[in-house]
Amino acid sequence: MYFHLRAVPPSALRNSANWLRGLFEDDWTTVRRRLDRHREEFLYRHHPDHDLLYAGAPPHRIEDGPPADVVLGGSPVPHPDPGHPPFLLLPAARAAQVAAFLATSDIADLWQRSREDLLPRYGGAPVEDQMRTLFESTHHDLTAFYTRTAEYGDAVVKCAL
């Protein structure tokens, strides 16, 4: 399973589960082009842990602001297949707030705050350097994605696949 984030112009956004499902059915070549332009991003397997890095332990509320919106934030839209988690819609204004938050966040501080919760899930202290590097890399990718999204004034649609 992976978590997929995609920038969408607000004028094109539809609050339709079938439209949202279609949004994530592009071929890999098309997806790769959007990834290269920071118009799309993937989090492989560990998206709840990336959410923990930014927002702390769930449950999160809308009042928690941009840290809670980075990964798992957004308004839910039920998936047409009841066996799948809902899509999440993050309006353009909130996506811009996330971009500002990420641009000013210190990944070392975020890691330090969450390392005691995260490290045991991956093998503890012997793998800390490797895991910290993974989370830092993902932080840079998410920052680039949200920064570009904010520059375009776009919303973000999220889907677990």
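The following legends describe close-up views of a predicted model. Local features need pLDDT of at least 70 and side-chain atom pairs count only at pLDDT 80 or more, while totals for chains, interfaces and linings use all residues. Residues are numbered from 1 along each chain as its sequence is written, and side-chain values use heavy atoms, with hydrogens and water left out.

**View 1. The open sheet of 5 strands.** Its strands follow the order β2-β1-β5-β4-β3 with antiparallel pairing. Strands here are DSSP runs of E with at least two residues, helices are runs of H or I with at least four, and both are numbered from the N terminus. Two strands pair if DSSP finds at least two bridges between them. At the edges stand β2 (40-44) and β3 (75-77), each pairing on one side only. From one strand to the next, the twist averages 20°.

**View 2. Strands β4 and β5.** Strand β4 (residues 87-90) and strand β5 (residues 155-160) run antiparallel and are joined by 3 bridges. Leu89 has Val157 in β5 as its bridge partner. In general, strands of a sheet pair through backbone hydrogen bonds, either parallel or antiparallel.

**View 3. A salt bridge between Glu40 and Arg6.** A salt bridge is a side-chain nitrogen of Lys or Arg within 4 Å of a carboxyl oxygen of Asp or Glu; by this rule the count comes to 7. The side chains of Glu40 and Arg6 form one of them, at 3.7 Å from N to O. Glu40 lies in strand β2 and Arg6 in strand β1 (residues 2-8), so the pair ties together parts 34 residues apart in sequence.

**View 4. Helix α3 against helix α6.** The axes of α3 (residues 47-55) and α6 (residues 107-122) come within 8 Å and cross at roughly 140°. Axes are lines fitted to C-alpha atoms, for helices over the stretch in contact, and angles run from 0 to 180 degrees between N-to-C directions. This makes α3 oblique to α6, as angles under 35 degrees count as roughly parallel, over 145 as roughly antiparallel, 65 to 115 as roughly perpendicular and the rest as oblique. Contact means heavy atoms within 4.5 Å; the residues that meet include Leu52 in α3 and Trp111 in α6.

**View 5. Helix α3 against helix α7.** Helix α3 and helix α7 (residues 128-152) pack at about 80°, with their axes 11 Å apart. Helix α3 is therefore roughly perpendicular to α7. Among the residues that meet are His50 in α3 and Phe135 in α7.
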